[in-house]
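Okay, thanks for making time, everyone.

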Amino acid sequence: MKAAVVYEFGTPIQVVDATPGAVGPHDVRVQVRASGLCHSDVAVQTGELPFPLPMVLGHEGAGVVVEAGDAVTTCAVGDHVVLSALIHCGQCTNCLKGRPNLCMWGLETIFSGTNANDRALRATDPEGNGLYQFASIGTLAEELICSEKHAVPIPDDVPFEAAALTGCGVLTGVSAVFNRAGVQPGSSVVVIGCGGVGLNVVQATAMANAATIIAVDLHDAKLAMAREFGATHTIRNDDAEATVAQVFDLTGGEGANYAFEVVGVPPLVRLAWDCLRVDGTLVAIGVHPAGSTVALPAEQFATTEKTLMSCLYGTSRPTKDIPMLVDMFRQDRIRLNELVTHHFALEDINDAVAKMENGRDARGVVLFD
Ligand SMILES: [Zn+2]
Ligand SMILES: [Zn+2]
């Protein structure tokens, strides 16, 4: 099976002919049918996310279960599934209070890139090297073996491409609006960064009936997409001070109720903070480089009561929220197909990375036959 692998930080991704291992009792083998490419994949390649190598990239995908271990109970051979990067134990205090995204067992597992059931590896490259899998799944491969905990069954009539997107970008963006921020009808919102996640923040704030939805990006093409996804206003962020001034103009001189930072660039967190009104809420969704820090004007803490909410994977609950998103898609109430700006063959993944990093691409997707 072909798989996209990072061997060394800062070097091109290699597409190798990998061999899957044996399916454990609680594992499933999934034939991947569609996989998105996300900024976090590139962060592994650059080393900003210092994951163990060599690693198969990809953490938003959908496919068909082709083999299931003897003890698997949550899905069966032939089931169509979305592959969730997040998994949870269901027993720890964070799981029990309804915050499965903070399950420390789940996070440790997916950061290890090893199988959730026994922390071993499930694939090898042609030289016999064991391959780690991004988020313990590694969807940028024709096939993968993972714990059944990652496989969320979906109806057979949902196209794989749309389904795949619900595994990361859509899940993160929509959940951040509903589960984390709790955006109120009539409110004003600024969304900084309109890629695969940010566009979903925009469309979810529109679903929440926010009155003013201001999309901010460096690229006109993404701002045009943001309008289609529900933005009422757009600002090309050529200059932070001018952007803040425009946000205040558009919000009656008060600033926004909510500002979402979706890029993972520290100065943009400061920009989001500055766009807020008194009592406003900043939701920091972007994945920032390891070791980076954010500077905020501390004198405002005692004068503005602004809130900074960090946000892990949208504060999502994948086993609940992925089926909800799929259901909304089947009812034509959420845009998924429109997120895809580019299809590419796995062999062309380095070109697809370049396109995304140039800001030309909201979501590139690989379709496997
Ligand atoms: Zn992602
Ligand atoms: Zn847990």
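**Domains, a sheet and a helix crossing**

So, the domain assignment gives us two pieces here: domain 1, which is 2-166 + 336-367, and domain 2, which is 173-312. Before I go on, keep in mind that this is a predicted model. How far apart are the centres of domain 1 and domain 2? Going by C-alpha atoms, the separation is 29 Å. The two domains do touch, with 13 residues from domain 1 and 13 residues from domain 2 taking part in the contact. If you sort the domain 1 side by class, you get six nonpolar, three polar and four charged residues.

Okay, on to the sheet. It's an open one with four strands, and the order goes β2-β1-β5-β9, with mixed pairing. Which strands stand at the edges? Those are β2, at 14-17, and β9, at 132-133; each has a single partner strand, so each has one side left without a neighbour in the sheet. As a reminder, strands in a sheet pair through backbone hydrogen bonds, either parallel or antiparallel. For β5, residues 55-56, and β9, the run is parallel, and two bridges join them. If you want to find one of those on screen, look at Val 56, whose bridge partner in β9 is Gln 133.

Now stay around there and look at Ala 18, in the loop between β2 and β3, the latter being 19-20. Is Ala 18 buried or exposed? There are 25 other C-beta atoms within 10 Å, and 20 or more is the cut-off, so Ala 18 counts as buried. Who's around it? Setting aside neighbours within four places in sequence, Ala 18 contacts Met 1, Ala 3, Ala 123, Thr 124, Asp 125, Leu 131 and Ala 141. Take Leu 131 from that list: along the chain, Ala 18 and Leu 131 are 113 residues apart, yet their C-alpha atoms are separated by 8.5 Å.

Last stop, a pair of helices. The axes of α5, residues 169-181, and α11, residues 318-330, come within 10 Å of each other and cross at roughly 100 degrees. That falls in the 65 to 115 range, so we call α5 roughly perpendicular to α11. On the α5 side, the contact uses Val 170, Leu 171, Val 174 and Ser 175, and α11 brings Pro 318, Asp 321, Ile 322 and Leu 325. By class, that contact comes out as six nonpolar residues, one polar and one charged.

Notes: Residues numbered from 1 in each chain as written. Chains lettered and ligands numbered in written order. Predicted model: local features only at pLDDT ≥ 70, side-chain atom pairs only at ≥ 80, totals over all residues. Pairing = 2+ DSSP bridges. Axes fitted to C-alpha atoms, helices over the stretch in contact; angles between N-to-C directions. Parallel < 35°, antiparallel > 145°, perpendicular 65-115°, else oblique. Contact = placed C-beta atoms within 7 Å. Nonpolar A, V, L, I, M, F, W, Y, C, P; charged D, E, K, R; others polar. Buried ≥ 20, exposed ≤ 12 C-beta atoms within 10 Å, placed from the backbone. Domains from an automatic or database assignment.
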